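Thanks for coming. Please have the sequence and the model open while I talk.

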Amino acid sequence: MLFIDNGNSNDPTQNLALEEYSLTAFDPDETYLLFYINNPSIIIGKNQNTFEEVNLEYVNQHGIQVVRRLSGGGAVFHDTGNLNFSFITKNDADAFRNFQRFTQPVVAALKALGVDAELSGRNDIQVGDKKISGNAQFATKGRMFSHGTLMFDVDLEMVTKALHVSAEKIESKGIKSVRSRVANIREFMDKEMDIMEFRSLLLRYLFDGQKVPLQPVTDEDWANVTNLANKRYRNWDWNFGKSPEFNVERKKRFPIGTIDIKMNVRDGIIEECKIYGDFFGQGDLENVERQITGRRYDMEELRQAMSSVDLKHYFGNIAVDEFLTLF
């Protein structure tokens with residue numbers, strides 16, 4: 001097994017691009033290990049609806065990146081207190097969906113550090129009833145990666161505010177909140193250390209204390225990784241537009257009255273829009289609806305669209321920022 005040095009990048013788009021590039025460009029007969037730590041970000045599962053999983057208002061206010069990954073599974077929050085690992089290998093008969101095969105070395109390393117961890121359910125690592133790691137997999141052309149989070153010292157309050165977790169999912173696990181399920185690894189350790197020390201100890205254990213063999217990453221490789229990041233992981237169509245079709249209804253009471261907006265969104269584009277309410281306006285609301293229809297379901301694009309609309313004429317005394325809270 002060779003270790004891939006990510007150059008200490010905290011850019012989630014760069015790190016996910018490096019992971020994908022390593023899967024397809026490096027020696028297909030070799031196994032690789034990749035570590036990376038991301039800036040605050042939400043990493044969306046390949047088949048998820050970004051708009052349903054993310055608290056967009058909170059994310060925009062706090063500068064949290066939203067990036068879709070190649071693997072399935074649920075949305076996860078990353079920050080610089082979270083260490084991500086990825087095993088990149090052949091997709092043999094006993095690999096894909098076999099999470100134990102890839103989490104067992106990590107669990108053993110955690111136990112060696114005094115953390116009583118174990119694989120729980122389909123793809124989580126837990127300490128007791130607390131989740132400290134979620135895992136997912138992706139396979140293509142005989143290769144695969146199995147990657148996971150290690151919540152070492154994550155801002156757990158930000159986790160609960162940045163993600164939308166459905167009531168059904170919470171109730172199905174018999175819990176009251178996201179915060180009650182998750183915990184930081186640091187809580188279970190006797191020795192104080194930072195995440196880089198934790199990373200070093202984990203790496204040393206996974207390579208049996210031997211010198212860590214490195215996979216060379218050339219300047220050409222990095223250029224290709226950056227191109228891939230630009231093409232896929234920094235692309236709004238990938239991160240948001242790949243969301244399945246969905247309907248949105250937002251209803252809110254303002255001093256000028258209630259505004260009720262209904263939209264149909266396909267591939268991240270608002271295809272239909274209707275506005276209702278008990279406000280007192282003079283203009284034909286179809287003019288506002290036309291300004292919204294055909295736009296990305298994206299706050300900045302909608303802000304630009306609304307900046308040319310005299311909202312007072314249609315609704316009364318309401319500011320653009322107030323109106324945009326409906327989205």
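Arg250 stands opposite Ile261 in β12. That pair belongs to two strands, β11 (residues 246–254) and β12 (residues 257–266), which run antiparallel and are joined by nine bridges. Strands here are DSSP runs of E with at least two residues, helices are runs of H or I with at least four, and both are numbered from the N terminus. Two strands count as paired if DSSP finds at least two bridges between them. Between β11 and β12 there are two residues, and the two strands form a hairpin.

A word on where the values come from. This is a predicted model, in which local features need pLDDT of at least 70 and side-chain atom pairs count only at pLDDT 80 or more, while totals for chains, interfaces and linings use all residues. Residues are numbered from 1 along each chain as its sequence is written, and side-chain values use heavy atoms, with hydrogens and water left out.

Now the sheet. Strands of a sheet pair through backbone hydrogen bonds, either parallel or antiparallel. In this model, seven strands make an open sheet with mixed pairing, in the order β1-β2-β6-β10-β9-β8-β7. Its edge strands, each pairing on one side only, are β1 (2–4) and β7 (118–120). On average, neighbouring strands of this sheet are turned by 25° against each other, direction ignored.

Look at β6 next. Strands β2 (residues 32–36) and β6 (residues 82–90) run antiparallel, with five bridges between them. Leu33 stands opposite Phe87 in β6, and Tyr32 stands opposite Ile88 in β6. β6 also runs antiparallel to β10, through nine bridges, and there Ser86 stands opposite His147.

Helix α1 (residues 12–25) lies across β1, β2, β6, β9 and β10 (143–151), and runs at about 175° to β2. Helix α4 (residues 99–112) packs on the sheet, touching β6, β7, β8 (124–127), β9 and β10, and its direction makes about 140° with that of β9. Contact means heavy atoms within 4.5 Å. Axes are lines fitted to C-alpha atoms, for helices over the stretch in contact, and angles run from 0 to 180 degrees between N-to-C directions.

Which residues does Asn135 touch, leaving out those up to four places away in sequence? They are Phe85, Phe99, Thr103, Asn123, Ile125, His147 and Gly148. Asn135 lies in strand β9 (residues 130–140). Asn135 counts as buried because its relative accessibility is 4%.

Last, another pair of helices. α10 (residues 285–292) and α11 (residues 299–306) pack at an angle of about 140°, and their axes are 9 Å apart. Val288, Gln291 and Ile292 in α10 meet Leu302, Ala305 and Met306 in α11.

Technical notes
Buried < 20%, exposed > 50% of the residue type's maximum accessible area, 1.4 Å probe, protein only.
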